[in-house]
Amino acid sequence: MAAADIARQVGEGCRTVPLAGHVGFDSLPDQLVNKSVSQGFCFNILCVGETGLGKSTLMDTLFNTKFEGEPATHTQPGVQLRSNTYDLQESNVGLKLTIVSTVGFGDQINKEDSYKPIVEFIDAQFEAYLQEELKIRRVLHTYHDSRIHACLYFIAPTGHSLKSLDLVTMKKLDSKVNIIPIIAKSDAISKSELTKFKIKITSELVSNGVQIYQFPTDDESVAEINGTMNAHLPFAVIGSTEELKIGNKMMKARQYPWGTVQVENEAHCDFVKLREMLIRVNMEDLREQTHTRHYELYRRCKLEEMGFKDTDPDSKPFSLQETYEAKRNEFLGELQKKEEEMRQMFVQRVKEKEAELKEAEKELHEKFDRLKKLHQDEKKKLEDKKKSLDDEVNAFKQRKTAAELLQTQGSQAGGSQTLKRDKEKKNNLWLCTE
Amino acid sequence: MDTLRQSPSPCSSRPSSPRTPPFEMFGPVGIEAVLDQLKIKAMKTGFEFNIMVVGQSGLGKSTMVNTLFKSKVWKSAMPSLEVPTPQTLELHSVSHVIEEKGLKLKLTVTDTPGFGDQINNDKCWDPVLGYINQQYEQYLQEELLITRQRHIPDTRVHCCVYFVPPTGHCLRPLDIEFLRRLCRTVNVVPVIARADSLTIEEREAFRSRIQQNLKTHCIEVYPQKCFDEDINDSILNGKIREQIPFAVVGADQEHLVNGRCVLGRKTKWGIIEVENIAHCEFLLLRDLLIRSHLQDLKDITHNVHYENYRVIRLNEGSGAVAQVVERSP
């Protein structure tokens with residue numbers, strides 16, 4: 001830590017100079033605190049646990065207020081995270097509290113991917129912060145820090161051991177966030193079972209290599225209390241927002257036919273310990289761990305993944321900027337190559353299409369010519385026929401006129417004869433019949 | 001907070017934004033304990049403060065630093081005849097750790113001997129600007145590393161105290177040029193040095209003329225008006241702004257006055273008490289620099305001047321940093 005740094009620098013030749021009087025910079029922490037108070041604090045808690053373990057109730061009890069939200073159903077198709085931000089104020093300290101809760105955790109039949117939305121969410125917050133930090137024009141001192149500072153993992157009070165879902169999820173989360181495991185609804189377990197349960201849980205966590213958050217013991221003022229608290233992990237808590245009259249005071253409690261469980265009674269549950277540790281003693285340390293350990297780890301992995309190193313093979317310090325430039329040029333070069341390729345492909349396709357179209361055009365022309373010729377032939381035939389027909393008609397007409405002429409001549413000469421003949425015939429007819 | 005490395009507790013909006021009223025809590029939760037946690041952490045990490053004093057030789061810069069921090073930070077040099085005045089401006093930095101009531105402060109004082117001493121003082125501000133930018137650069141490089149240190153050592157200049165010689169007339173062209181260039185890069189606090197050569201009326205007149213000069217040339221000295229956050233700040237800083245530049249006298253010898261041992265300069269016509277507000281405004285300067293605005297100086301250096309430098313520097317590199325990051329997944 002930096003105290004060691006300063007001490008080292010003292011040794012390095014930075015001499016400690018004695019003061020001949022009161023200078024007054026001991027007011028520095030107060031100046032610092034005043035500035036922080038005017039700017040406000042942020043704290044983000046993630047509650048991971050199965051549906052119905054009392055996550056929302058515990059948050060209400062911890063912060064002595066009623067946050068909104070209806071309880072979730074058990075029929076969620078996948079795990080989702082619900083995030084709410086609240087502004088709390090106590091005397092002159094303002095706290096921007098964000099509570100993120102898992103909805104539908106542990107309800108699915110196939111829980112293999114249950115941890116993924118949670119890990120993605122945490123990574124997304126780190127990513128947002130990293131993006132802001134890497135911007136050219138950034139406003140980090142007014143940036144709303146959304147990184148998760150503490151993860152409360154709710155363990156179901158079975159009394160036996162951790163579920164495999166719990167182990168898997170905690171293992172995935174321990175390098176990304178400060179995990180504080182708590183046993184939820186612990187009024188379902190008796191005292192003796194509880195001690196056995198706690199021992200079992202801690203041994204399982206240790207044997208699986210899960211790193212839960214240890215309260216810091218390096219500062220004398222809090223070392224003692226943190227040390228004892230570390231031994232009580234995981235905390236067995238009960239949440240309740242109902243107040244009942246016990247003795248002559250109103251207390252938060254849960255009433256059963258066989259007795260009343262008081263939330264703030266240390267003999268009944270570890271709620272007070274949790275509140276002490278989470279808020280009153282270690283809030284600042286949680287935030288610092290998130291920033292200096294988990295965020296730095298994420299940042300390092302992300303940047304290394306993108307290909308940036310601190311030293312090149314000759315182990316000369318690499319400037320991040322040079323790497324960026326090199327990468328950018330590489331990227332642009334690739335982009336240009338791709339562009340060229342695409343352009344060439346496009347040109348080729350255009351040519352092909354053009355050729356096709358020309359072919360079609362030619363065919364059409366040929367067809368047109370053919371049809372035209374056909375049409376002309378037919379027309380000619382028809383005209384010939386018409387001509388012959390006309391000739392025939394003319395010939396007929398001539399014969400007709402000739403015949404008519406003959407007829408008229410004959411009829412004039414033998415016209416009367418025919419009449420007589422007719423009469424005779426008629427007379428003959430009369431005679432015959434008589 | 002010293003550096004970005006520590007968790008950035010200040011977050012965006014003020015506690016009660018007008019849109020969402022704060023949640024009502026039915027009992028004490030213990031949120032204000034975080035203030036104590038902060039204090040404990042601050043005491044543990046210690047503080048760093050870097051101050052630069054600029055002015056012609058003989059104006060009492062080293063003595064002033066010694067008086068401010070009540071210790072022999074600089075061995076005030078009596079210029080001997082054998083030591084030639086330096087031909088170019090060199091910067092001397094010296095670091096000390098001072099402790100008061102359990103609080104450790106690493107103080108770095110940078111002196112500029114030879115400033116304004118040459119015949120041709122053209123571009124004498126360049127080494128100073130170069131030094132300041134070099135500190136920013138160092139910090140930037142540290143910040144850009146992949147594996148960063150937990151606590152980046154902060155050598156950036158938090159405050160530059162500019163000593164104006166007590167001519168009694170107005171700011172000289174050298175002063176104006178220097179102040180103009182530096183006020184954009186670092187927090188500048190001008191002071192009238194060796195104010196014991198001016199009477200009170202001359203002092204006031206000199207002061208108002210300097211203030212006018214500063215306004216005419218648009219030089220924003222600390223505390224800058226544009227960074228006043230709320231009405232309280234502007235009232236407080238307004239009062240300070242009325243009295244800038246402070247007329248100061250430095251002394252590191254103690255004398256007996258009315259039975260008390262005070263720091264002062266003894267002359268034939270009386271003893272000038274440094275810490276007497278009627279004699280000189282040293283107390284105001286000390287309160288501003290150390291007791292009330294030290295953290296503010298550091299914050300403005302970190303949030304404003306350093307960020308400005310960073311923007312320019314990263315834009316120079318053809319904006320490679322941000323663009324690459326924004327493009328890649």
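The questions and answers below concern a predicted model.

User: Which domains does the assignment give for chain A, and how many Å separate their centres?
Analyst: The domain assignment divides chain A into domain 1, residues 34-306, and domain 2, residues 324-374. Taken over C-alpha atoms, the centres of domain 1 and domain 2 of chain A are separated by 61 Å.

User: Is helix H3 of chain A mostly covered or mostly uncovered, and which of its residues are buried?
Analyst: Helix H3 of chain A spans residues 55-62 and is mostly covered, with six of its eight residues buried. Buried here requires under 20% relative accessible area.

User: Which helix of chain A do the buried residues of H3(A) pack against?
Analyst: Several strands of chain A pack against these buried residues, including E2 (41-48), E4 (93-103) and E9 (249-256). The helix of chain A that they pack against is H8 (271-281).

User: Why does A:Arg275 count as buried?
Analyst: A:Arg275 lies in helix H8 of chain A. The cut-off for buried is under 20% relative accessible area. A:Arg275 is therefore classed as buried, because its relative accessible area is 8%.

User: Which residue of chain B is in contact with A:Arg275?
Analyst: Within chain A, the side chain of A:Arg275 makes a polar contact of 3.3 Å with that of A:Glu264. Leaving aside neighbours within four places in sequence, the contacts of A:Arg275 are A:Glu264, A:Leu62, A:Arg280 and, from chain B, B:Val29.

Notes: Residues are numbered from 1 along each chain as its sequence is written. Chains are lettered from A and ligands numbered from 1 in the order in which they are written. This is a predicted model: local features need pLDDT of at least 70, side-chain atom pairs count only at pLDDT 80 or more; totals for chains, interfaces and linings use all residues. Side-chain values use heavy atoms; hydrogens and water are left out. Domain bounds come from an automatic or database domain assignment. Buried means under 20% relative accessible area, exposed over 50%, partly exposed in between (1.4 Å probe, protein chains only). Helices (H or I, at least four residues) and strands (E, at least two) are DSSP runs, numbered from the N terminus. Contact means heavy atoms within 4.5 Å. A polar contact is a pair of N or O atoms within 3.5 Å; within protein, one must be able to donate a hydrogen and the other to accept it, and residues adjacent in sequence count only if both atoms are side-chain atoms.
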